[in-house]
Amino acid sequence: MSVVDPTAPLSDHPRRMNAGGLQVRGLRVETRAGVAVVDGVDLDVPAGTVLGLVGESGSGKTTVGTALLGGTRRGLRIAGGSVLLEGIDLTTLSEVELRGWRGSRVSYVPQDPTTALDPAMRVGKQVREVLDCHDYGSGPDARAQRVTEAFGEVGLPTDGEFALRYPHQLSGGQQQRVCIAIAFATWPALVVLDEPTTGLDVTTQSLVLDTVRKLTQQHGCAALYISHDLAVVSTISDEVAVLYAGSVVERAPTEQLVHRPRHPYTSRLVAAVPDLAGRRALTGIPGGAPSPGARPPGCRFEPRCTLAVDECARGLPPLVPVADDHLARCIRSADVSPAEVRDRDPEVGRAADPLLRVEGLSARYGKVSVLHGLSLDVPRGTCVALLGESGSGKTTLARTIAGLHRDAEGTLSLAGERLPFGSHERTRQTRAAIAYVFQNPYSSLNPRRTVGDSVGRPLRVLRGVRGAELDRRVGEMLDRVYLSSHYAQRYPDQLSGGERQRVAVARALISEPTLLVCDEITSALDVSVQANLVGLIEEFRHELDLTLLFVTHDIALVRNVAQQVAVLQAGAIVENAPTERLFTDPQHAYTRELLETTPNLVS
Amino acid sequence: MALGRLVGRRLAVGTVILFVVSLLVFGASLLLPGDAARAVLGRSASPDRLAVVRAQMHLDDPAPQRYLAWASDLVTGDLGNSTVSQEPVIELIAGRSGNSLLLMAIAALVATPLSLLLGSWSALRRDQLADHATALGTLVLASLPEFVVGIALIYVFATGLLQWFPPVVSTTMPVLEQPSVLVLPVATLVLAVAPYITRMMRATMLEVLDSDFVHQARLNGIPERSVLWRHAVPNAIGPVAQVIGLQLAYLAGGIVLVEFLFAYPGIGQGIVEAVNARDIPTLQALIMLIAAFYVLVNLLADVVGVLTNPRLRTGVA
């Protein structure tokens, strides 16, 4: 391994250096108070390969990612360990030396391209700026040429016009490809990709994943692909490391990790990922990951682990080899069973009379027409999924049904009775009969009201229940969503995302609706929490004979929750079929495309 | 294109605003105690003389008719004659507005860059001593009325401790021939408007410095100086331009007190004199002038806001 002067100008094609790859040893990042956020992180990424780093929110995956560029969030610092790239330990570099490395030898692709690009600067200029400040190539002409080349490499137009656009003039997928072009423009030795496809539609996501895979090989650089989505990671990574509560709990080649996990957390994580083939039942992980400072002294997964024995609580187990190229941090790794592949009985939708009937519905926002005369029946007691990408009109349809959007034409009827469009024109009974759970549990609960207040409100307003009776029923409802009744006194900010969404479900169900509209209710949640919530909704459907309209963009999730699927594209239903038939015999080209481009865990 | 439409629309709205202001100004001068004829002739005027002068000044005509006459003269640039000196109002206020514009222009040219720099500097030292000191200092200054600041400045720099600058303006020679008289009024105005702009710039810069694209620029190895000047500041200017516009418009009103305090021969002092002398035509003209200034400055702020925001400047492709 040769030592590179980080301040030396780069030659035109510095592929020469990329042989070494990345070695991370004992990385520790802590708060100013000395509380570890991540510790003892070891990673190896050979040049030309992709390591997937999987973890749920709060696991420290972004902290690890930015630490590889020698940076941290405000209030954190790199406290120990080494990050070795091209024979140089990044943790020993000065701020000035680090700046020379960032964007030139190590680059970073952010999660959200809509905010990561400077809104006031043309995109070509943003690529050029990075080349300029690292003195790329032999001069201005070489740099101008590299900008065009970089756009070409990520499949963006190479004509000068495109480079002159501002970020807001591009689609989300194009913006992310600009970010990737910036990251690869200087032929770096390591690229850190932090959830680069999370905000994108599946078809765009697959384009971006292809681009990343191709560039990593072409450039012979090492890539760290960070994501909460094991399915996405498994399609792009050669190897996967699983991060839990700030430490790596398992590391193995992708196939092996998914098929033969040796840490209980990995095994449960695999089981929580919706399977596109529908062969596995979706199961969540009870409880939540401990936050920094509140981590147990022993194995950090021990409190949630079904295999835990007394010894597990006695000290953090080391990360040890359990098979070839396979490391796990568990003393019972031999007893971990792979995620069960059991035959699910696909439930067939009953040929019941429709509870909700939508006929010739068109909706618009001002002059923009969003839904174009669509019709849909939702049979009583079933779950119908509305599947579509962003902009397909799925949320508008859900909102119109719930009475939240009035600028519409056509007919809606519930149990044979015609529904007016605005909720103010509906009777109290109809308003109580349709409940709605919103996408984002962080903004759908009033932060100034206690949980009990929020949950009890529909009952007070719609059913006129007051006093002790109200408190009793709120308590009961909270118990039923597996939050205990003492949650009634808490405020939303004291709750995790999963808990908040359960409060939202409790609020929706307390007035005993017949139709529950779920608008992307799991998209802000981790997979383990998503599986729990989906299980909960399923329970209610059986027990209360509830009818569900489940709005989502996630086709794999659809297979695990719905009996019937309506595929929405550009404001029209392009396919409407029982779930099993849709997955085994898709009719519309768009459905087939979705099925092909969606990453699946078990191949 | 988009900008041209915006300017056109704002100019149209501005015209409507000026029309409404003209109604208010005219209405208010009807309500003023005393009457113009008596103001011209003095207390001892005989009823006959008063009646004659009233007729000359059309004071007995119905109000709408008088408004129309006044407004149409105004539009054609005829501001009438002063009821005190009988000179054309336009001659009276031309020199004064020049003086006031000079004062405001210098104050704006000093206050704007000063507060932008101070605000950015403070934001970069977030939660450090310098930042807290700036926050406290600007808060104190923002809560002091201009006349207090002005009197304090006069006491410190003119009459009391140090005698560096003259406390009042000599009326015998043009302002430009005695530039030292400008220092204290300019300082007072700067201290009146700079704190708000500084605080706004600090808040906006904090937000921008914490945004993803600034983090990303740092992760791309862009030198800190470029991060600041090419990414952070251009994105902060837009929102701050609105506040600068409001503050400059405020200068046009704030100048009345300051000019009075320093006996500075500008439109502010002109207003005070016109009110005292019941010189209605002069007063009306000065107020219309200030209103027009407000409209223009706000338009300018909107234009800067649009120019610094590509989202507003260009359409969505």
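Predicted model: local features only at pLDDT ≥ 70, side-chain atom pairs only at ≥ 80, totals over all residues.
User: Fine. Which residues of H4(A) are buried?
Analyst: In H4(A), the buried residues are A:Val123, A:Gly124, A:Gln126, A:Val127, A:Glu129, A:Val130 and A:Leu131.

User: What do they pack against?
Analyst: In chain A, the buried residues of H4(A) pack against helix H5 (140–153), helix H6 (160–163) and helix H7 (172–185). H10 of chain B is also part of that packing.

User: What follows H4(A)?
Analyst: A:Asp135 follows H4(A), and its phi is positive, near 50 degrees.

User: Back to A:Glu129. Which side chain does it meet in a salt bridge?
Analyst: A:Glu129 meets B:Arg230, at 3.8 Å from N to O. The pair crosses between chains: B:Arg230 sits in helix H10 (residues 224–262) of chain B, and A:Glu129 in helix H4 (residues 123–133) of chain A.

User: Are those two buried or exposed?
Analyst: A:Glu129 is buried because its relative accessible area is 4%. B:Arg230 has 35%, so it is partly exposed.

User: How many salt bridges over all chains?
Analyst: A search of the whole structure finds 35. One of them joins A:Glu153 and A:Arg146, with the closest N and O atoms 3.3 Å apart. Both A:Glu153 and A:Arg146 are buried.

User: Which residues do shared partners join into one network?
Analyst: Salt bridges with shared partners link A:Arg28, A:Glu30, A:Asp39, A:Arg77 and A:Arg300. Within that group, the side chains of A:Arg28 and A:Glu30 meet at 2.9 Å, N to O.

User: Why does A:Glu30 count as buried, and what about A:Arg28?
Analyst: A:Glu30 counts as buried because its relative accessibility is 9%. A:Arg28 is at 27%, so it counts as partly exposed.

User: Switching to chain B. How many helices and strands?
Analyst: Chain B has 13 helices and 0 strands. Its C-alpha atoms fill a box of roughly 85 × 60 × 30 Å along the principal axes.

User: At what angle do H5(B) and H12(B) pack?
Analyst: Helix H5 (residues 89–124) and helix H12 (residues 280–307) of chain B pack at about 35 degrees, and their axes are 11 Å apart. The crossing is right-handed.

User: Which residues meet there?
Analyst: From H5(B), B:Val89, B:Leu92, B:Ile93, B:Ser97, B:Leu101 and B:Met104 take part. They meet B:Pro281, B:Thr282, B:Ala285, B:Leu286, B:Leu289 and B:Phe293 of H12(B). By type, the contact has 10 nonpolar residues, 2 polar and no charged.

User: Last one, A:Thr579. Where is it, and why does it count as buried?
Analyst: A:Thr579 is in helix H19 (residues 579–584) of chain A. It counts as buried because its relative accessibility is 4%.

User: Which residues is A:Thr579 in contact with, leaving aside neighbours within four places in sequence?
Analyst: A:Thr579 is in contact with A:Val558, A:Arg559, A:Ala562, A:Gln563, A:Gln564 and A:Val565.

Definitions and conventions. Residues numbered from 1 in each chain as written. Chains lettered and ligands numbered in written order. Heavy atoms only, no water. Axes fitted to C-alpha atoms, helices over the stretch in contact; angles between N-to-C directions. Helix = DSSP H or I, 4+ residues; strand = E, 2+ residues; numbered from the N terminus. Left-handed = near helix turned anticlockwise from the far one by under 90°. Contact = heavy atoms within 4.5 Å. Nonpolar A, V, L, I, M, F, W, Y, C, P; charged D, E, K, R; others polar. Buried < 20%, exposed > 50% of the residue type's maximum accessible area, 1.4 Å probe, protein only. Salt bridge = Lys/Arg side-chain N within 4 Å of Asp/Glu carboxyl O.
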